[in-house]
Amino acid sequence: MIRFFIALWAAKLADKLFSLKYGRECDTAGLVANKLCPDFMARVAKPPLVITVTGTNGKSTTSTLIANMFRSRGRRVSFNDWGANIHAGYSVNLLRGVDLLNRCRADVSVLEADELTACDTMPMIRPQYMLVTNICKDSLRRNGHPEYIFGQLEKAFERLGDTTVALLNANDPISSELAADTGTRRVYFGMEDTHTEPFENMVNDAGVCPRCGGKLLYHYRHYRHLGDFYCSDCDFKTPGADYLAKNVDLAARTMTVTEGPEETAYPLMSDTVFHAFNTLSAVTLFRELGFSQREIADFLATQSVPSIRESVVEYDGIQYYTYAAKAQNISAASTVFEYMAKEPSDKDVVFILDEMQDSNHPSETISWLYETDYEFLNAPHIKKIIVAGHMCYNHRLRLLLAGVPAERIVCVEEESDVPNVVDTEGIEKVYVLFEIDFVSKARKVRDAIVDRAREVKGK
Amino acid sequence: MKIVENLFPELCNIYGESYSMTYLARCNPEIDLRLTNHKTVPAFVTEDVDMIYLGCSPERKQEQIIELLRPYTDRLRALIDRGTVILATGNALEVFGREIREGDRVIPALGIFDSCAVRRMEPGDRHNSRYIAAFFTDEGEKLTLLGHKSQFSFSYGDFSRDAFATVERGVGMNPDTKAEGLRRNHFFGTYSLGPYLILNPPFTKYLLRLMGLDDTLAFEAEAMKAYQYRWNELTRVSN
């Protein structure tokens with residue numbers, strides 16, 4: 001106990017100092033806490049309600065929605081909203097919710113949680129709710145493969161047992177199988193056919209039935225391996241959804257969610273099916289917590305996609321976007337490429353997908369390029385694809401193999417050269433696709449493109 | 001036509017491995033690419049195939065694959081002795097070794113090579129590295145191979161006769177050896193994962209020649225440019 005309080009006080013002091021120097025998005029104090037007291041996360045007082053959001057894609061958006069909901073109700077929320085989703089981030093998040101005597105001052109803790117390490121951390125934190133968005137392929141260097149991530153999350157549920165409610169995606173053949181034998185109450189959210197006619201992906205994260213190895217078939221798919229699935233050889237199929245989204249109208253940004261005999265219309269914050277899933281999963285949690293449908297609908301009407309994912313400026317009739325794409329995460333990258341193809345504007349697409357977050361591994365494996373659907377980018381309204389940075393030659397080869405005509409591909413090693421090759425007329429939009437951790441870099445490139453367009457116009 | 005059999009792509013394509021075979025087939029129209037599902041009998045059992053490819057798989061499926069191939073161990077041994085081209089990448093090379101150990105568990109493998117893989121599956125145990133390695137063709141020509149490793153296991157044994165290549169930068173079959181992969185006649189196994197033939201166009205040309213085919217690659221200039229750039233970059237960051 002003494003060690004815990006020493007850790008708490010030292011970490012609180014460190015948090016004050018580091019926050020002054022680096023801002024609040026610094027988790028060094030959490031490192032201090034965990035170093036001095038390895039079970040700090042278990043000992044620190046928790047708010048009455050702790051909610052964890054984990055899974056491969058959609059964690060940030062979903063956990064932000066959840067935290068915003070509680071804030072909108074005047075509740076005190078601790079939330080690791082700066083992407084610090086492993087040990088140190090949790091500890092900072094939780095220590096900010098207690099005073100020097102370890103008395104909890106927060107009402108709710110929302111934790112965006114890394115799926116790889118959840119089996120070590122969640123048993124200490126013991127959330128009442130653990131929402132799993134989905135399990136997809138991600139960085140092979142860190143996450144291995146989906147089957148491995150499934151195993152890690154399954155260990156977390158085994159260790160949590162019946163103290164945690166699992167909120168699971170019924171349309172994901174991988175994560176829907178979680179917590180089957182752990183005594184955990186499982187609540188499923190799912191979606192009826194959205195008629196979005198998803199493209200066929202070259203790689204399927206769930207190519208075979210996890211129970212018998214048979215071929216997985218679909219009545220319909222939403223995107224990638226998410227959909228209404230069934231096995232060709234056994235009785236494995238989409239579980240029944242407790243919260244089922246129907247009449248999903250992405251263009252009008254609305255959906256209806258059915259719970260038993262009740263149906264409620266909710267607004268969506270985007271025209272993409274993956275954000276519809278994020279909203280649906282948050283609605284599921286809110287309903288489980290007892291929020292009324294009206295409260296939820298009114299709240300959702302005030303929400304928008306976090307600007308960290310997407311931003312836009314307009315100049316001379318052209319819209320210039322930054323758009324998060326996540327290199328190495330093939331499901332996220334392919335989904336963005338599909339969006340680029342389906343979004344009908346004439347456009348240039350700029351790749352700032354050079355994996356520079358791996359500065360110690362600047363030549364990361366090229367494997368993700370050959371699992372990602374570059375073929376989607378072979379669309380006539382994508383006028384030019386500019387590949388920049390040290391991965392440019394790898395991107396160019398992949399685009400050529402995907403059938404993109406050579407004359408539509410521009411390869412520049414230096415990102416500073418990008419503005420010189422982006423079109424300034426004959427297009428409606430420019431999309432700068434970027435690594436999620438490099439928002440400011442993407443905006444800098446985008447702004448340089450706009451500056452260059454101004455120069456051209458001025459001449 | 002030359003028959004190239006890609007074994008169990010629905011199980012063994014976790015890092016884009018199958019694109020190696022797609023690429024190979026695009027390089028030469030004389031290649032008849034067969035994709036063999038794990039619920040069917042492989043073509044190599046009854047036909048004289050020209051090349052077999054086995055890619056990387058999740059660990060539990062790797063064990064399933066060993067059992068799928070076990071009845072055909074003698075046939076595989078005969079094909080290797082005959083000089084059929086076989087390529088195994090990532091943990092697929094462990095399938096051809098003696099055994100895989102994970103804690104107290106011992107999983108007997110096909111035993112074609114006398115190597116033992118040791119698997120540890122905690123997150124901190126995942127090994128990531130890159131290699132630059134020297135490979136010598138049957139004619140004695142040196143090819144430089146580039147590899148990316150991301151794995152939960154290493155292999156141990158005496159690789160003095162059976163190494164695929166010698167690592168010049170990076171690690172080999174385990175952190176204590178420069179011997180990388182397995183080789184016997186035209187069986188080539190490497191721990192490198194992903195689409196190895198895109199990563200290594202000179203080696204791809206060699207495989208095409210081994211099968212008696214013209215060795216021109218699809219988008220050869222662009223493939224070589226990307227390879228050269230990666231090679232330079234790996235050399236620079238390894239210094």
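Ground rules. Residues count from 1 along each chain as its sequence is written, and chains are lettered from A and ligands numbered from 1 in the order in which they are written. The model is predicted, so local features need pLDDT of at least 70 and side-chain atom pairs count only at pLDDT 80 or more, while totals for chains, interfaces and linings use all residues.

Confidence. The predictor gives the complex an ipTM of 0.95 and a pTM of 0.90. Chain B has a mean pLDDT of 96, and 99% of its residues reach 70 or more. pLDDT is the predictor's confidence in each residue, from 0 to 100.

Now the interface. Chain B puts in 31 residues and chain A puts in 27. Contact means that C-beta atoms, placed from the backbone, lie within 7 Å. On the chain B side, strands E8 (127–136) and E9 (142–151) and helices H6 (196–199) and H8 (220–238) each give two or more residues. Helices (H or I, at least four residues) and strands (E, at least two) are DSSP runs, numbered from the N terminus. H8(B) gives the most, with 9 residues. That side of chain B splits into 16 nonpolar, 7 polar and 8 charged. Ala, Val, Leu, Ile, Met, Phe, Trp, Tyr, Cys and Pro count as nonpolar, Asp, Glu, Lys and Arg as charged, and the others, Gly among them, as polar.

Chain A next. Domain 1 is 2–190 + 236–300, and domain 2 is 310–458. Those bounds come from an automatic or database domain assignment. The C-alpha centres of the two domains lie 31 Å apart. Their contact takes 9 residues from domain 1 and 10 residues from domain 2.

Two helix pairs in chain A. H1 (residues 2–22) and H2 (residues 28–36) pack at about 165 degrees, axes 8 Å apart. Axes are lines fitted to C-alpha atoms, for helices over the stretch in contact, and angles run from 0 to 180 degrees between N-to-C directions. So H1(A) is roughly antiparallel to H2(A). The contact includes A:Ile6 and A:Phe18 of H1(A) and A:Val32 of H2(A). Its residues are 11 nonpolar, 2 polar and 2 charged.

H6 (residues 118–125) and H8 (residues 146–160) of chain A pack at about 20 degrees, axes 8 Å apart. H6(A) and H8(A) are therefore roughly parallel. The cut-offs: under 35 degrees is roughly parallel, over 145 roughly antiparallel, 65 to 115 roughly perpendicular, the rest oblique.

Notes: Two residues are in contact if their C-beta atoms, placed from the backbone, lie within 7 Å.
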